Amino acid sequence: MKIVKVISLVCFAATLLYLWSCEDNSPDTFGQEPYDSSKPVRIDGFEPDSGGLATKVFISGSNFGTDLSQIRVWFTATDEAGEQISRRASVVGSNGSYMYVITPRLTSLRECTISVVSHGDSAVLTDKEFIYNTMYTVTTVVGKKGTAQFQGGTLAEATLDRPQCITVDDDGNIFVTMYSAPPAPGSLTGLYLVSPGLDLVQQLISYSGGMGVPAVASDGKTIIAPSNAGALYWTLSPDDNWEPVERAILPPTVDMLQEDPNLAFATAWKSSFATCPRTGFIYTYEYLSGHLIKFNPMNRRGQRVDVLFTNTFPRLCFDTHPDRQNILYISYRERNAIYTYDVDTGEHTLFAGMEGASGAGYKDGHRLNDAQFREPDVVIMNTDHSIFFADMGNHCIRRIDLNDGMVTTVIGRGGISGYLDGNREDALFNRPQGMTINKDGVIYVADTENNCVRRLAVE
């Protein structure tokens, strides 16, 4: 079967190359069979059956025409949120019976139908699908393996010291927390700006007490960065040249407490901030007492939402799908598991992993029946509404499909630490912790023990 496919592909390519080389063929009149309005457009097949971004696909059929300005080729599928999405391919050439196209970016699509529109007439091939294979590539944005000190400057010259938490604003500026406990000689702890656009790395906040996962406010530009200790946090905005403003989460008012005494909370240690996309409230977790807390960033007034697990180190992330913005994902590093918390109903449910020390391990499979993690850290929502998380103890990045519940390793080799850029088969991490995703679907990883920020491109 593979030999037949290869021969077909070679024949398609040879046919196109031959016809393209014929005399009197301009780019707009490629080939010999112009469109005939009295005949239907028909698709007979295509090769290859699968590929990734920029795959060369050869389509066979009839009455495609030769005027490339009148030909459109679409790859269409239903994404993981249940929405039908079409992406237009680049048409390189057509002789009327054969076309040569380049696949578009189909990150959130997997099984695609191919359709052709020529001069307003369309045809869809329904008995065969193109399988889009997502490709992942890791590169280093900033930092150098083996360094143990911070040095600012350009991205090429800057070095980092144990980057841990990370977020990105709508303009592509990356914010990284670094912390050595106890601080190494010459190290600087606090919050740092990594700006690819400005080619600049600089310290914004110096704080030796450690900082949790920062959040981006609902305006897409204001950064809200928690200290690990107490009610202290900072806000930073480009409107003020990233000058940090020190703030604190305020306790419930007397009137609030009289109405509900259970609103009181503790804020001794906070490991994460997450902004609810539906309400704009910021949620955090006091990990000694187990208090789940929310506060309004406008008046800073906080209140306890619930009491969950104590003496654990959680990371928080809200679902971004319009129908699930009440769902908060909480990764519990010590429990080797990820839970969901419904902020509407208070339901706290095991979502993925096998709980406890005995459940620690490395295994892909169904999120509840098979999959095992080792110290899962920051969780993020991908643009296709799947979940990505840093499996810190396994030195890799993993994905949970919300449709079928399957856990797969995106990149990195489970249980093997190291430092190497490259594709899925090559790339290595060393205890990655923080993750964030920009509006274009590019993921950034705080690769802690490699002292780097890495870029994970999803194609």
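This is a predicted model: local features need pLDDT of at least 70, side-chain atom pairs count only at pLDDT 80 or more; totals for chains, interfaces and linings use all residues.

Biologist: What is the phi of R300?

Modeller: Phi of R300 is near 65°, a positive value in a residue that is not glycine.

Biologist: And is R300 buried, exposed or partly exposed?

Modeller: Buried means under 20% relative accessible area and exposed means over 50%, with partly exposed in between. R300 has 25% relative accessibility, so R300 counts as partly exposed. Compare N311, found in the loop between β22 and β23. N311 also is not a glycine and has a positive phi, of about 50°. The relative accessible area of N311 is 57%, so N311 is exposed.

Biologist: You mentioned β21 and β22. Which strands make up their sheet, and in what order?

Modeller: To read a sheet, follow the pairing from strand to strand. Here four strands form an open sheet in the order β19-β20-β21-β22, with antiparallel pairing. The edge strands are β19 (270-275) and β22 (302-307), each of which pairs on one side only. From one strand to the next, the twist averages 25°.

Biologist: How many bridges join β21 to β22?

Modeller: Five bridges join them; β21 covers residues 291-295, and the two strands run antiparallel.

Biologist: Now a single strand, please. Which residues of β17 point one way, and which the other way?

Modeller: For a strand, look at the side chains in turn. L232, W234 and L236 point one way from β17, while Y233 and T235 point the other way. All of them are buried, and β17 (residues 232-236) is mostly covered, with five of its five residues buried.

Biologist: Which strands does β17 pair with?

Modeller: Strand β16 (residues 223-226) is joined to β17 by four bridges, and the two run antiparallel. Within that pairing, W234 is the bridge partner of A225. The hairpin of β16 and β17 has five residues between the strands, and there G230 takes a positive phi near 65°. Four bridges also join β17 to β18 (residues 245-248), again antiparallel, and L232 stands opposite A248 in β18.

Biologist: How do I look for empty space in a model?

Modeller: Rolling a probe the size of a water molecule over the atoms shows where empty space is left. In this model, the largest pocket holds about 900 Å³ of space. Its lining has 34 residues, and V216, T275, F318, T320 and I437 lie nearest the centre. The largest share of that lining, four residues, comes from β28. By class, the lining of the largest pocket has 20 nonpolar, 11 polar and three charged residues.

Terms used: Residues are numbered from 1 along each chain as its sequence is written. Side-chain values use heavy atoms; hydrogens and water are left out. Buried means under 20% relative accessible area, exposed over 50%, partly exposed in between (1.4 Å probe, protein chains only). Two strands pair if DSSP finds at least two bridges between them. Axes are lines fitted to C-alpha atoms, for helices over the stretch in contact, and angles run from 0 to 180 degrees between N-to-C directions. On a 1 Å grid over the protein atoms alone, a cavity is a set of points where a 1.4 Å probe fits but cannot get out, and a pocket is an open set with protein on both sides within 12 Å along at least five of seven lines; lining residues have an atom within 4 Å of a point. Grid points are joined across faces, edges and corners, and a volume is the space filled by probe spheres set on the points. Ala, Val, Leu, Ile, Met, Phe, Trp, Tyr, Cys and Pro count as nonpolar, Asp, Glu, Lys and Arg as charged, and the others, Gly among them, as polar.
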